[in-house]
Amino acid sequence: AISIILNWFKTRYYPKKSETIDINDYNTNTDEGMKAYIDDLRTWCNERHEIIRLFAEIIEHLNW
């Protein structure tokens with residue numbers, strides 16, 4: 001779980017945290033543009049949720 005969490009931060013979060021999902025970057029006047037926006041937002045939220053879930057499962061086993 002720790003490897004997955006660290007890898008996500010290394011490859012997904014930190015390199016791209018300045019690349020926010022902005023609705024203005026999508027053509028929301030079309031169904032395809034709106035679908036792309038919603039899909040990208042859903043993917044990002046699902047990834048974050050999975051990382052938080054993993055961390056919640058292991059936190060009691062970590063020694064600081």
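**Exercise 1.** Find what share of the contacts in the protein chain between residues at least 6 apart in sequence join residues at least 24 apart.

*Solution.* Start with the term: a contact means heavy atoms within 4.5 Å. Next, keep the contacts between residues at least 6 apart in sequence; of these, 56% join residues at least 24 apart. Keep in mind that this is a predicted model, where local features need pLDDT of at least 70 and side-chain atom pairs count only at pLDDT 80 or more, while totals for chains, interfaces and linings use all residues. Residues are numbered from 1 along each chain as its sequence is written, and side-chain values use heavy atoms, with hydrogens and water left out.

**Exercise 2.** Compare the radius of gyration of the protein chain with that of a compact globule of 64 residues.

*Solution.* The radius is taken over C-alpha atoms, and the globule rule is 2.2 Å times the number of residues to the power 0.38. For 64 residues the rule gives a value near 11 Å, whereas the protein chain has 15 Å. Now look at the box: along the principal axes, the C-alpha atoms fill roughly 50 × 20 × 15 Å.

**Exercise 3.** Decide whether Thr43 is buried, partly exposed or exposed.

*Solution.* Buried means under 20% relative accessible area, exposed over 50%, and partly exposed in between (1.4 Å probe, protein chains only). Thr43 has 38%, so Thr43 is partly exposed. For comparison with the whole chain, buried residues make up 14% of the 64 residues.
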